[in-house]
Amino acid sequence: ARQVPLAWMPKPPKRPPAPLALRERTTRLRDRVTGLPREAPAEADEALDIFQRTFPMVVTEEHLLIQRWEDLAAIFGSTEAATELVTAEPSILRWPRNFAKRAFHYLSLHLGSQAARRLVFKCPYLLTKKARQMSRALPALLNVFGSKERLAEVLDKYPSLMQVPIGDFYRGMPGMIAVCGNPEKALEVGKEAMARIARSPRQSTLPECYPTLVAIFGSLEEAHAAVDREPLLLRWQGQQMLAILGRLRKHLGHEKAQQALRAAPYLLLKEDKRKAKLASDAFGALEQLFGAEGARKRVVERPELLALGISLQRAVRFAERKMGSIEAVRDDFDAVLRRTGLEERLEFEKKPRPRFGYWTPTPREREDAPSNTWTPRGNPLGPAAPARGRWDEEGSAPSELEARGKDRARRVAKKELEMEVLRTRRAQEAFK
């Protein structure tokens, strides 16, 4: 006999609902006024079907999904608007009732109702953000970007800014002192920015890293130029930028490090990379080629070279063996970058973040990143093999090494496709 679980025992997970065509309609939907059972609205079928196809393993009961869909229809005035939002961002229905209502309330409060409505239909993902976070983040972001129109434009492309850590100049002063060296210099650098925030009619809150950014770039104007180019800088804490700043100052000096960061502010982004080590590896390779002073000059001219890291080091060593001497590599350094494929990688590194955009269920055109065969993982012979990678001979056919690399990439793609088919079959079997 099957043992009945006691109250304190964990309950087994529920089976996912069947496809919409096979599922029995819910009988738990009640009228809000009378409390009597009522039929599910036919207009919700399309939204429910899209939600279930996107999240087949979610076991939320149907009457709850219908109630959340009806709340969206009440907020935006029509069932067509609610279905349009769910089609673009099905995860809206995963959150409890009134979640989207509170998020839209704070957007309307700070941006205006019409601007908030246009923004939500451009980026429905904003309705999945917590209202408490939005109530703190929106005034701070308005103090940085200055106008509601500019903030709406930024949030359309960078909705993750709703999760920025919040601070002010008082709490950001330790970061400014760490960058400037003493309190007097920090106050001098931040004087203009502090006066600007003091004139704001809103609460004088800021993203936590904003005072540190002003100190790093040396002035309010340069800091805003960097933020306009890479708004995702505001997502990080100020202390997370000190490691790469210290490493650049060690190799380049105070002024040249500041010039390099003004030209390439994306070097301060965390991006789950060891940016300080990447910069040291790339600068070591340049120093071996051009000497210390020549390497500093190259980095100031092209700071994106620091993003290559060990790839530049491995490619330069291979080019030295291929071309016969380090002098030949130094004299034709631009050609070496082109023949090894690192020039394409540099163009990719300079693109504004996020380079692939944010995930959304609606299909979007996505440009693949150029392959980098000069990393250990990208080595066609394997990560533990000697450094090998792309090398384009002038006017020659593809080498055997490149063919082996393409075969290996083809096998990896085939393996990924097989795993995707297997996951799809398992999801289909779960419905049976």
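This is a predicted model: local features need pLDDT of at least 70, side-chain atom pairs count only at pLDDT 80 or more; totals for chains, interfaces and linings use all residues.
## Aromatic pairs and their neighbours

Searching the whole structure turns up eight aromatic pairs.

Is Phe76 buried or exposed? Phe76 counts as buried, because its relative accessibility is 4%. Phe121, at 24% relative accessible area, is partly exposed. Phe76 and Phe121 also share an aromatic cluster with Phe104.

Next come Phe318 and Trp391, another edge-to-face pair. Phe318 sits in helix H15 (residues 310-323), and Trp391 sits in the loop between helix H18 (342-349) and helix H19 (400-431), so the pair ties together parts that are 73 residues apart in sequence. Phe318 is buried, with a relative accessible area of 10%, and Trp391 is buried too, with 6%.

Here is the geometry of these pairs:

| Pair | Centre to centre | Angle between planes |
|---|---|---|
| Phe318 and Trp391 | 5.9 Å | 70 degrees |

Which ring does the charged end of Arg94 sit over? That ring belongs to Phe55, and the charged end of Arg94 is 5.0 Å from its centre. Likewise, Arg235 places its charged end over the ring of Trp236, 5.6 Å from the ring centre.

Methods:
Residues are numbered from 1 along each chain as its sequence is written. Side-chain values use heavy atoms; hydrogens and water are left out. Rings of Phe, Tyr and Trp (its six-membered ring) pair if their centres lie within 6.5 Å; planes under 30 degrees apart count as stacked, over 60 as edge-to-face and the rest as tilted. Buried means under 20% relative accessible area, exposed over 50%, partly exposed in between (1.4 Å probe, protein chains only). Helices (H or I, at least four residues) and strands (E, at least two) are DSSP runs, numbered from the N terminus. A charge sits over a ring if NZ of Lys or CZ of Arg is within 6 Å of the ring centre and within 35 degrees of the ring normal.
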